[in-house]
Amino acid sequence: MPDHPADPAAQRVADHRRLASAAKASLAFVALLAVMFGVQAMVDWTLFAVRPQLPAGLIGLLTAPLLHGSPSHLLANAFALLLLGMLALTVYPRATWRALPLVWLGSGLCAWWLGDPGSRHLGASGLTHGLMFLVFVLGLLRRDRPSIAAGMIAFFFYGGMLLTVLPHDPGVSWQSHLGGALGGVMAAVLFRHADPAHPRRRYSWEIEEEEAARAAALDPDSFEPPSPQAVPVLWKREPPPRGVVLEFPRRDREG
């Protein structure tokens, strides 16, 4: 992605193009999840889930985020992926693509390492947690207006993910949530400078002040003199003396 253009019209075109690309990528991934949910009915999907502490269960690090246990599970993750995916790819396209491997593998590794033996972990909820923490932490680190706005939107809709990284409901893989969140935080720290800074909107009074200063530098005689506070003081009256302390003579006394 090239640096942000200086022309406002070109900037709007670039923003619309980036938003369209983010929407297409998010929709394509959600469509892939829907297709994989249909394929699950025809194969033994348990072999492709994360099975904690089993060497054969490591294959789930790559395949488990594509599987879901129920239509409600799929729908919940689909809505989160659409919103957070579009938000992350629109504001931080470079950082988001670089963060996805960390989030993807982090959610699976935590589930494999911390999960209960005999359990199976699947679903894209680790990805949703990773995207939320990525956008939120990048807003704290970068602190420009688009970053702060994106972080506030992510926190407003999915701020509850700050609590779901801890054990709360049986049958919910908090381990994959925790792994995805840690991957998102790590990616935010590593890739916080991957995307160029967004141009700051300038106010009309800022432009007027710059134009007035430029015109004054070119033709100082055409402008009014500066305010009295800005005129340098060439002579300063000394304050009058407040008085002189007279010393009284001392008389020695003989005892």
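Is His177 buried or exposed? His177 has a relative accessibility of 6%, and because buried is taken to mean under 20%, this residue counts as buried. Please keep in mind throughout that what we are looking at is a predicted model.

Let me stay with His177 for a moment. His177 belongs to helix α7, which covers residues 174-190. If we set aside its neighbours within four places in sequence, the contacts of His177 are with Ser125, Gly126, His129, Thr164, Val165 and Val172. Take Gly126 from that list: Gly126 and His177 are 51 residues apart along the sequence, and yet their C-alpha atoms are 4.5 Å apart in space.

The structure holds one cavity of 30 Å³ or more, and the space in the largest cavity comes to about 90 Å³. Helices α4, residues 93-114, and α5 each supply at least two of the lining residues, and α4 gives the most, with three.

Now to the packing of helix α5 against helix α6. Two packed helices are described by the angle between their axes and the distance between the axes. For α5, residues 125-142, and α6, residues 145-158, the axes come within 8 Å and cross at roughly 140°, and the crossing is left-handed. On the α5 side the contact is made by Met132, Val135, Phe136, Leu138, Gly139 and Arg142, which meet Ser147, Ile148, Ala150, Gly151, Ala154, Phe155 and Tyr158 of α6. The residues of this contact divide into nine nonpolar, three polar and one charged.

Arg143, in the loop between α5 and α6, has a phi near 60°, a positive value in a residue other than glycine. Arg143 counts as exposed, because its relative accessibility is 64%. Gln53 sits in the loop between α1, residues 8-40, and α2, residues 60-63, and its phi, near 65°, is likewise positive in a residue other than glycine. At 44% relative accessibility, Gln53 counts as partly exposed.

Terms used
Residues are numbered from 1 along each chain as its sequence is written. This is a predicted model: local features need pLDDT of at least 70, side-chain atom pairs count only at pLDDT 80 or more; totals for chains, interfaces and linings use all residues. Side-chain values use heavy atoms; hydrogens and water are left out. Axes are lines fitted to C-alpha atoms, for helices over the stretch in contact, and angles run from 0 to 180 degrees between N-to-C directions. Helices (H or I, at least four residues) and strands (E, at least two) are DSSP runs, numbered from the N terminus. A crossing is left-handed if the near helix is turned anticlockwise from the far one by less than a right angle, and right-handed if clockwise. Contact means heavy atoms within 4.5 Å. Ala, Val, Leu, Ile, Met, Phe, Trp, Tyr, Cys and Pro count as nonpolar, Asp, Glu, Lys and Arg as charged, and the others, Gly among them, as polar. Buried means under 20% relative accessible area, exposed over 50%, partly exposed in between (1.4 Å probe, protein chains only). On a 1 Å grid over the protein atoms alone, a cavity is a set of points where a 1.4 Å probe fits but cannot get out, and a pocket is an open set with protein on both sides within 12 Å along at least five of seven lines; lining residues have an atom within 4 Å of a point. Grid points are joined across faces, edges and corners, and a volume is the space filled by probe spheres set on the points.
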